[in-house]
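Hi everyone, thanks for making the time. Please have a look at the model on the screen, and then I'll walk you through a few spots in it.

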Amino acid sequence: MRRWIIPGGIALFALALGCHHEVEMVPLAERTIYVTDRFYDVQALTKDRAFVVGYGGKILETTNGGRSWEARPSGTELALYAVRFADDQHAFISGQDGLILHTADGGKSWQQQESNAFFQDKDGSKQPLYLFALHALDADHAWAVGDRSILTSTSDGGKTWRARKVAMEADISGGESLAAADPILYDVKFVDATNGWIVGLYGVSMLDAQRGLAAGIEGHLARTTDGGQRWTFEQIEVEYPLVDPLFRVLELPDGSGWAVGAAGEVMRHQPGETAWKRAKLGQDVLTWLRGLSFSDQQNGWMVGGYGLIYRTTDGGKTWLPSQG
């Protein structure tokens, strides 16, 4: 694959005239994106503005469609797994060790909040739990999920978070009982204050209280049209089978859909079509893709390993790397 690296700057050397040969050094320009970066999530706010979060507490913002990126201080070196803006000023980030960050100034500054997401051992010690996903319905209401079936939520903008374990079905037996005892929760979506979904798959996307999609292992995609009472597998037409998981799935109001996953898999279906097919990006992507977000039906972003950030401005006909 092509690995896109932001030029770090050019060192210019000038040799002074006269008896003393001195070297004048121009400082190197600071990089914002490295090939060692791992980006886990992206949110598009407008066609030109987006936030990306990832490994090492990294938060990046662009306001010019990815021509340049600005690093925003997170105050942590922990991994950041999800970012969700409720409006253009208020947002939450969830991450490693129960981390929750909050902004009320459009992402210029971020403050840590106490998520209360921890597991208590038999000896009384507490272990913080990873929070892999979150959803913000508005400036006050947000939910985050992660390890050991943990769910934590706020109704006051993050001043207080209430954590609890999501209970599993009581009638599960046999091997399923062991697998479901403490599953990892990977995604959460709410369409209003009372209707929400949590998945132990990798991703869920809901258009409304009845219609939605979920993505998971071996490239499976499932759809519900009755609020989750029944799920049916989507039709997939590929030249060679999907064997890797899909991490994120998204369906847009026009009926087009996108899903991204491990091994650089990018799947899509066109409006009016039932089958999903591999998207043609024009280049190989040999790393995982984790984040996927559209601000409208034409403008979207994908992010993943190797500091990869892709952008489309034509509804996915073409995707180009954003080099900052």
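Let's start at methionine 267, which lies in strand E24, residues 266-269; strands here are DSSP runs (E, at least two residues), numbered from the N terminus. Before going on, a word on the ground rules: this is a predicted model, where local features need pLDDT of at least 70, side-chain atom pairs count only at pLDDT 80 or more, and totals for chains, interfaces and linings use all residues. Residues are numbered from 1 along each chain as its sequence is written, and side-chain values use heavy atoms, with hydrogens and water left out.

So, is methionine 267 buried or exposed? It counts as buried because its relative accessibility is 0%, and buried means under 20% relative accessible area, with a 1.4 Å probe and protein chains only. Its C-alpha atom is 9.0 Å from that of lysine 280, 13 residues apart along the chain.

Next, the nonpolar core. By that I mean a set of buried Ala, Val, Leu, Ile, Met, Phe, Trp, Tyr and Cys residues joined through side-chain atoms within 4.5 Å. The largest one has 15 residues, and Val266 and Met302 have the most contacts inside it. Strand E23 (257-261) and E26 each supply at least two residues of this core, and E26 gives the largest share, three residues.

On to the aromatics. How many aromatic pairs does a search of the whole structure find? The search finds 17, counting rings of Phe, Tyr and Trp (its six-membered ring) whose centres lie within 6.5 Å. One of these is edge-to-face (planes over 60 degrees apart): phenylalanine 294 and tryptophan 319, 6.0 Å centre to centre and 90 degrees between the planes. This pair links distant parts of the chain, with phenylalanine 294 in strand E26 (residues 289-294) and tryptophan 319 in the loop between strand E28 (309-312) and strand E29 (320-321), 25 residues apart. Both phenylalanine 294 and tryptophan 319 are buried.

There is also one aromatic cluster, formed by Tyr40, Tyr81, Tyr130, Phe132, Tyr186, Tyr202, Phe247 and Trp288.

The charged end of arginine 148 sits over the ring of phenylalanine 119, 3.8 Å from its centre. Arginine 278 lies over the face of tyrosine 240, at 3.8 Å from the ring centre.

Technical notes. Phe/Tyr/Trp six-rings, centres within 6.5 Å; stacked < 30°, edge-to-face > 60°. Helix = DSSP H or I, 4+ residues; strand = E, 2+ residues; numbered from the N terminus. Buried < 20%, exposed > 50% of the residue type's maximum accessible area, 1.4 Å probe, protein only. Lys NZ or Arg CZ within 6 Å of the ring centre and 35° of its normal.
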